[in-house]
Amino acid sequence: MTDKFVTLAHGAGGKQTSELIDRVFKEHFANPDLTADDAAVLSMEKGKIAFTTDGFIVSPYEFAGGNIGKLSICGTVNDLSCMGAKPLYLSCAFVIEEGFPMDKLEEIAAAMAKTAKEAGVEICAGDTKVAGKGQVDGVFITTTGIGRIMDNANTSGKLAKAGDAVIVSGDIGRHGCTILLARDEFGIEADVTSDCAPLWANVKAMFDVTNDIHVIRDATRGGVGTVLYEIAGQSGVGITLDAEKIPVADEVKGVCGMLGLEPLYLACEGRLVIFAPKDKAEDIVSALRKCKNSENAAVIGEVTEDNAGRVVMKTEIGSQTLLPQPGGELLPRIC
Amino acid sequence: MNTIENAKEIISSYKREDGKKLRIMEVCGTHTHEIFRLGIRKLLPESVELISGPGCPVCVTPIGFIDEACMLALEKGAEICTFGDLIRVPGTEMSLAGARSKGAVIKTVYSPLDAVSYAESHRDEQVVFLAVGFETTTPSACLAVEKAKKLGLENFSILGANKTMPNAYKALEGSADAFLYPGHVNAITGTAVCEELVKKGVSGVVTGFTAAELLTALAVTIELSQRGEPFFRNCYPRVVKPEGNPAAIKLMEKVMTPCDSEWRGLGIIPMSGMILRDEYADFDARKKFALPKITGKPNPACRCGDVLQGKCKPSDCKVFGKVCTPLHPIGACMVSNEGACSAYYQYGNL
C-alpha cells in the first residue's frame, strides 16, 4: 500500500481497509491476543477487575513529549492503575479525518505500541472509521481497558481521612502548559514538555511498600486543584495545601505568571494525587522518587476534619486563603 | 529579619487610639487578585481597611460600550477582536457571548497587534478591536493603529474606551486615605503624576506585585501615614523610573489625545480617557460606522459602582454570590479574575 493519505475508501470495509489495518495497526500492535475476529478472546485470573474507557481529541495531535497515540494509552492505563489494577488489555477505536497523512497515523500507532509495551498492556481489539473532511479534526481515539485489581488494593475518592498526607507524584501542570504553547495563540515560547506517561509501575511501587493507600487519582483535565476539590467533596473532608511545597517547573511558573493561570488547574497526563496516612507518606514518596516519571514526588498538604469540602492554601507569606474553585473553560481539547 | 517578616511585623502591630481605620485603596486589579491569593487581608489588624478600587479595565468599562460592540457585531456586520475578559461582561440586552450565540463573530486576541494581523488576512471583513485598558495597554493599541495605517488596512478600526488614571485619583479623593498605585501604569507614566497629587493632598505609594513588594508597600504606607501629612513613595523602583517610558508616552501622544470618559460606577470623569486624533479618525469605529450615542442601562440590583468606589464591599450587594456568580455574572466586577467581586467570591471568607 503506498497511499500517502487516508481516504474514505480506507474506512469502507474492503481491501483498502484491511491494507490499512495490516500496515498500520497489526504491524505495530502485534501480540498473541490481537484479534482478527469480531472480538478478542481473553483469559482472566480470578478476582476483581477494573474496566474503563476514555476518548481523546487533543488539538494539536502532536506536542512536545508525545502525541494523541501515547496520550490515549496513558489515559486509560492510568485510570486503571489508580484503582490498584494492573492494566492487562486495551481496545482502541479510531475516527480518522479523510486526508489525514498516513505517515502521521503510523507515528501515532508506533507511539501507542511503545507506550503499551512500557505499561505492560496488550492492545487486543480495535476499530477504524474514516469521516469526511471537516467532520472530525485530524484523528480521534477512544481506548477501553481491563485491569486486574490487586488483592491488597482498595482505593476510592471516598476514602480520604483526616490525618492523611496529600502527595503528588511530580511537578504539576506540564501537559496543559505544553498544549497551550503548542497552539501558538499566545506568542510565547518556553521549553516545556508534556508529563504524559503510563504510571502502573509507579502505583505498583507504592503498593510494594504499603497497602495503606486511601485514594489515588490521575490528575488530568482540570489539574490537581480539581482533583483535590473532588476528593474533599466525595470524602467530606477539608484539605490544606502548603503552597511552597507544590512542585512546579520554573518554565510552567513563568508561563502561568504571564497568562495569569494557576498551575494547580493546568492539566497533567502523568501525575497522580495520592492520599495515605501521614506515617506512610515518607515511604511512599521515597518509593515514587526511585521510579521513572515520579522523581519529583512530594507531600503537598494534609487532610483536615474542619473546612469540609474546601481546599485551603497556606501561602508563601505564612497566611491562609481558599484555593479558588475551578470553573469556566480554561482550555478546550487538551486530551 | 527578612523583608517579608519585617513588613508583616509593622503591619500587624499597627494600632490607632482614635478608633478610626486607615483606609488603603489598591487601585490595580492585579493587586486585588494577588492580595487575595497571598492571604494578605488575613494579616491586617482591625485598624487597617483595604478597599479594592477601580483599576481593572474590564470593571470600569461602561455598559454602553458593550452595547456599542454588540451593535457593531450584529447590525453593522463587523467582526470583533477582543481580550477574552470582555466577552462575558453583561450589556444592557446581552453580552458579547450572547451576541456570538446570535451569529456575531467574536474572536479572542491576546494583543491588539493580533487583531491587525487578523484584519490583514481577512481583507473582506471589517475587523474592530475593542480597545480597553489604562496606560499599560493603550500604547499597544496605538501601535496597532499605527501598523494598520502603515499597511493601508481599510478594514481595521478600534472601538476605544482607553482610560488614564490621574484624574480618577482626584475623583476618588475621600474614598481612601492612601492609594497603592498600580506599578505597571507608573512604569509607563513615571512618578511625576504622583508627586503632583501629593501637592493636592492625595497620598500613595507605587507598588509592585510580589509578596515582598506588596507587604513592603503596605508597611511603608502605614509608617508614612503616621506623620500626618500627604506622602508619596516609589516602592517599585526596580521597574518604575521617575520618567516612566518616554517612547510609550510619545507614541500615545502621537496617536491619541485626552477626552472625557465614562467610568462604570464613577460616571464621567473629565479628561480621563484617550481618543484617536483626527489624523487617525479612519480607524475610529464610532465614526467609521456612524454609531449613535448609546447609554447603557445597568441592572438596578448590581452595586459594582459602589464597590469600585469603596462605598460597599461585594458581600454587601444583594445579588452577590446568589444570582451573580463568576459563571453567571450580573456586574463586570464578577467577570474579570481581577474584579473585586470575583476575588471575594473565589477566595471566600476563610
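This is a predicted model: local features need pLDDT of at least 70, side-chain atom pairs count only at pLDDT 80 or more; totals for chains, interfaces and linings use all residues.
Local features here need pLDDT of at least 70 and side-chain atom pairs count only at pLDDT 80 or more, while totals for chains, interfaces and linings use all residues. Residues are numbered from 1 along each chain as its sequence is written, and chains are lettered from A, with ligands numbered from 1, in the order in which they are written.

View 1. Helices (H or I, at least four residues) and strands (E, at least two) are DSSP runs, numbered from the N terminus.

**View 2. Helix H11 of chain B up close.** H11(B) has 15 residues and reaches 21 Å from its first C-alpha to its last. That is close to the 21 Å expected at 1.5 Å a residue, where the expected span is 1.5 Å times one less than the number of residues. This helix is mostly covered, with 12 of its 15 residues buried. Buried means that 20 or more other C-beta atoms, placed from the backbone, lie within 10 Å of the residue's own. Among the buried ones are Glu213(B), Leu214(B), Thr221(B) and Ser225(B).

**View 3. The open sheet in chain A.** Four strands line up in the order E1-E6-E4-E5, with mixed pairing; two strands pair if DSSP finds at least two bridges between them. E1 (49–56) and E5 (122–131) of chain A stand at the edges with a single partner strand each, so one side of each has no neighbour in the sheet. Neighbouring strands are turned by 15° against each other on average, direction ignored. Helix H2 (68–82) of chain A packs on the sheet and touches E1, E4 (85–97) and E6 of chain A. The direction of this helix makes about 30° with that of E6(A); axes are lines fitted to C-alpha atoms, for helices over the stretch in contact, and angles run from 0 to 180 degrees between N-to-C directions.

**View 4. E1 against E6 in chain A.** Eight bridges join E1(A) to E6(A) (residues 139–149), and the two run antiparallel. Asp54(A) stands opposite Thr143(A) in E6(A).

**View 5. Around Ala78 of chain B.** Ala78(B) sits in the loop between helix H4 (63–74) and strand E3 (79–82) of chain B. It counts as buried because it has 23 C-beta neighbours inside 10 Å. Leaving aside neighbours within four places in sequence, the contacts of Ala78(B) are Leu72(B), Ala73(B), Gln126(B), Val128(B) and Phe289(B). Asp124(B) is 46 residues away in sequence and 11 Å away in space, C-alpha to C-alpha.

**View 6. The two domains of chain B.** Domain 1 covers 1–295 and domain 2 covers 304–345, with bounds from an automatic or database domain assignment. Their C-alpha centres lie 18 Å apart. Across the contact, 25 residues of domain 1 meet 17 residues of domain 2. H2(B) gives the most to the domain 1 side, with five residues.

Methods: Two residues are in contact if their C-beta atoms, placed from the backbone, lie within 7 Å.
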